[in-house]
Amino acid sequence: MKKKTMVVVVVLRRILFSSSTSYGELSSSIAQSLFNKLLFLLLFISISTNNSKISISRSGCVSAASDDGFGFGGVINVNYKFAGMERSLSALKAHDTLRHLRILAAGVDLPLGGTGRPDSVGLYYAKIGIGTPSRDYYVQVDTGSDLMWVNCIQCKTCPKRGYHDLELTLYNPKDSVTGKSVLCDQDFCIDINGGSVSGCKANMSCLYTEVYGDGSYSIGYFVNDVVHYDRVSGDHKTILANGSVIFGCGARQSGDLDSDALDGILGFGKSNSSMISQLASSGKVKKMFAHCLDGENGGGIFAMGHVVQPKVNTTPLVPNQPHYNVNMTAVAVGHDFLNLSANVFGVGDKKGTIIDSGTTLAYLPQVIYDPLIRKILSWQPDLRLRTLNNQYTCFEYSESVDDGFPPVTFHFENSLLLKVYPHEYLFPFEGLFCIGWQNNGMGSNDRKDMTLLGDLVLSNKLVLYDLENQAIGWTEYNCSSSIQLKDEITGSVHLVGAHYLSSARNLRTQWPLRIVAHLLLVALLLLPLLPPPWQLPRGQCDRDHRSGGGE
């Protein structure tokens, strides 16, 4: 009997761990966990098939007894964590608190894809899982907005394929057992609308409209569902984790959201409605994150947690501002500072400097743009300029741009510098080099005095957003390497590496159901190989039960 049971166990184990290899992303620890659960399930099925009863004793043991008259039975020892201790409320609370702190202390590794180059659409995106069962969605990472939203089943005009031929997925709350609507009379809806919603009736959904600076928008309703992500568990190792998040279910979109589309947008703004704020309020993560956008190879690093390496100098965030506003103090081209008045850098309504990973280029007020461009072009006075697509100033140049043009350095409060090299602000386009600096003074009145620094200047730098201390900082870094996150409880430090998501849709979040279904099928097929007790001679069964022996 034991030998046949062992055969089943070995077969299950081989199938599971061979599946972990073929699926690639299944770690050995997860494989072992699934193996243990399936083994217990197989035992349960075997006992149930033999008309057995299961009882749980107060001592913490689970016993299985047969009703077939043969006295067949067994005992599984389940040790209670607080066995032998007084089960006081304080002890349980202490246990839960430590567990929550460990969850809070852990970092999150968010796989990243895309590129910030203006000649290649210019966006970075991440992969997350949503729902139960989980499905993968690709969303643009945007620190300039708050809401997370994905296109939903109601969107009839949403594209089926998007950026770099990515296969897009429409979210359907009814397909997720954990998905549910957010109603207009719930606290979240009242908070995000700044008060009670006009015309709100019973069981009416909470609606949203998100409009972006380029005029594109998403319209839909809010839902609450489980979002899955990779929690850091060791050097370049993660385990699956999840948290409940309220996000937008997009029914309609327009503008640039239709061209080179993704499944949605993941806002990492400062407000309480952003995903990181929601996860932080529930104790899932710390309210700190960092990104390193690889401007050379694409992809890069995006992590939530306490970055300890590389070291990053920071500058304070301007208080009471909806975006990541910072105080700029000067601009230098090469070694020469631009002659700018102090009020150019003033902070206030429709003024100031914003850090925004959702913006591809860099937009400057005309009072900064004009002298900046004149100074840069003075290094090559013989260039013949031309305008492409009514927006890019371009020119022919056959030498190294880093040798022929100056770096541009932005100075911020606390002596923090942001240096942008010529190969970063000059990009190749149709055989020419084009200038990435854009004149905000040519845009709408509400943005003409604003400095908006996007991926053009943020690429190839580790940018740290410390919302717990209301600061932001950066340092030049190799974004194809690794950073170090610190566990706040144990003090241990773990490496988080770079990613580059390909256009092939990864089924990472769908493999658990497939493997479990596979194993259940195998278990059911092998179950007949286990002879029930009534097929054994009465005496043999009694001897086996008394002695614990087998064949």
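1. Start with the bond between Cys-189 and Cys-206: the angle about the S-S bond is 90 degrees and the link is right-handed. The two sulfur atoms lie 2.1 Å apart, and a disulfide here is a pair of cysteine sulfur atoms within 2.5 Å. Cys-189 sits in helix H4 and Cys-206 in the loop between H4 and S10, so the link ties together parts 17 residues apart in sequence. Helices (H or I, at least four residues) and strands (E, at least two) are DSSP runs, numbered from the N terminus.

2. A word on what you are looking at. This is a predicted model, in which local features need pLDDT of at least 70 and side-chain atom pairs count only at pLDDT 80 or more, while totals for chains, interfaces and linings use all residues. Residues are numbered from 1 along each chain as its sequence is written, and side-chain values use heavy atoms, with hydrogens and water left out.

3. Buried means under 20% relative accessible area, exposed over 50%, and partly exposed in between (1.4 Å probe, protein chains only).

4. Now look at Cys-184 and Cys-200, whose sulfur atoms are 1.9 Å apart in a disulfide. The torsion about their S-S bond is about 80 degrees, so this disulfide is right-handed. Cys-184 is in the loop between strand S9 (180-181) and helix H4 (187-192), while Cys-200 is in the loop between H4 and strand S10 (207-211); the pair is 16 residues apart and links distant parts of the chain. Cys-184 counts as buried at 1% relative accessibility, whereas Cys-200 is partly exposed at 28%.

5. Cys-394 and Cys-434 form a disulfide too, with 2.0 Å between their sulfur atoms. Its torsion is about 100 degrees, so it is right-handed. Cys-394 lies in strand S24 (residues 392-395) and Cys-434 in strand S28 (residues 432-435), so the bond ties together parts 40 residues apart in sequence. At 0% relative accessibility, Cys-394 counts as buried, and Cys-434 is buried at 0%.

6. How many disulfides does the structure hold? There are 6. Counting bonded cysteines along the chain, they follow the pattern 1-8, 2-3, 4-6, 5-7, 9-12, 10-11.

7. Stepping back to the whole chain, you will find 11 helices and 34 strands. Of its 551 residues, 48% are buried. Among contacts (heavy atoms within 4.5 Å) with a separation of 6 or more, 66% join residues 24 or more positions apart. The chain exposes about 26,600 Å², 52% of it from carbon and sulfur atoms; accessible areas come from the Shrake-Rupley method with a 1.4 Å probe, and for residues only the protein chains shown count as cover.

8. Finally, look inside. In soluble globular proteins, nonpolar side chains tend to be buried together. A nonpolar core is a set of buried Ala, Val, Leu, Ile, Met, Phe, Trp, Tyr and Cys residues joined through side-chain atoms within 4.5 Å. The largest one has 76 residues, and Phe-268, Val-331, Phe-410 and Trp-437 have the most contacts inside it. Helix H6 (residues 366-377) gives this core its largest share, 6 residues. Leaving aside neighbours within four places in sequence, Phe-410 is in contact with residues including Met-328, Leu-364, Trp-437 and Leu-453. Another core, of 13 residues, lies apart from the largest one, and Val-232, Leu-462, Cys-479 and Ile-483 are among its members.
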